[in-house]
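Have the model open while you read.

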Amino acid sequence: MFFTAFLLALLVHASPGPASVAEDVTWASLPDAFAKAAATEHHVLIYVHAAWCGPCRQMEAAVFPEVAPLLARFAHAELDYADHESRLTLGDHTRSPFAWAQHFGAAGTPTFVLLEPDGTPISRVQGAQTTGAFALLLAYVATDAYQHTDFASYAEQTQATPPGG
């Protein structure tokens with residue numbers, strides 16, 4: 001756990017942009033997030049949530065502010081799992097936020113889907129995450145470690161390797 005905190009601190013200081021990162025995370029629509037990803041080459045992070053989801057509110061209040069510097073390295077999209085009426089168009093496909101969430105493999109809330117800028121899937125996790133676990137997942141993708149190793153090996157290595165060792 002110590003190394004996870006060290007990794008988070010290292011990434012915070014190495015993140016591009018202003019020295020102080022806003023604690024509020026702004027979630028865009030799915031089409032806007034993919035447009036940002038195309039323009040910036042950032043990975044896409046899709047947050048599937050619902051107004052009635054208690055664990056979602058917990059993560060929004062406690063976890064997202066703590067990992068804001070890592071979140072700044074992604075194009076963010078949110079999908080309301082309870083919204084069956086609205087329509088979002090991405091490419092040639094138009095679906096409700098709920099249908100898009102299912103398309104990306106969400107079977108409940110919260111779900112986090114991480115994608116390449118072109119939409120290629122990288123990872124998906126379902127359920128509330130601790131700050132350390134979520135930071136580790138974001139770092140795994142933000143540092144492109146997923147291109148070289150599986151998440152379990154990455155997590156084991158970062159948890160077991162002391163700083164400087």
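**Notes on the predicted model**

1. Confidence first. The protein chain averages a pLDDT of 86, and 82% of the residues score at least 70; pLDDT is the predictor's confidence in each residue, from 0 to 100. This is a predicted model, with local features needing pLDDT of at least 70 and side-chain atom pairs counted only at pLDDT 80 or more, while totals for chains, interfaces and linings use all residues. Residues are numbered from 1 along each chain as its sequence is written, and side-chain values use heavy atoms, with hydrogens and water left out.

2. Where pLDDT is low, the predicted coordinates should not be read in detail.

3. The core. The largest nonpolar core has 49 residues, and Leu 30, Leu 45, Ile 46, Leu 79, Phe 104, Phe 134 and Leu 138 have the most contacts inside it. A core here is a set of buried Ala, Val, Leu, Ile, Met, Phe, Trp, Tyr and Cys residues joined through side-chain atoms within 4.5 Å; buried means under 20% relative accessible area, exposed over 50%, partly exposed in between (1.4 Å probe, protein chains only). Helix H6 (residues 131-142) supplies the largest share, 9 residues. Helices (H or I, at least four residues) and strands (E, at least two) are DSSP runs, numbered from the N terminus.

4. Have a look at Phe 104. Beyond four places in sequence, its contacts include Leu 30, Ile 46, Leu 79 and Arg 124.

5. The strands. S1 (residues 43-49) and S2 run parallel, joined by 7 bridges (strands pair if DSSP finds at least two bridges between them). In S2 (residues 74-80), 5 of the 7 residues are buried, so the strand is largely enclosed by the rest of the structure. Tyr 47 stands opposite Glu 78 in S2.

6. Aromatics. The whole structure holds 13 aromatic pairs (ring centres within 6.5 Å; planes under 30 degrees apart are stacked, over 60 edge-to-face, the rest tilted). Tyr 47 and Phe 64 are edge-to-face because their ring centres lie 5.1 Å apart with planes at 85 degrees. Both Tyr 47 and Phe 64 are buried.

7. The disulfide. There is 1 in the whole structure, joining Cys 53 to Cys 56 at S to S 2.3 Å (cut-off: sulfur atoms within 2.5 Å). Both cysteines, Cys 53 and Cys 56, are buried.

Methods. Contact means heavy atoms within 4.5 Å. Rings of Phe, Tyr and Trp (its six-membered ring) pair if their centres lie within 6.5 Å; planes under 30 degrees apart count as stacked, over 60 as edge-to-face and the rest as tilted.
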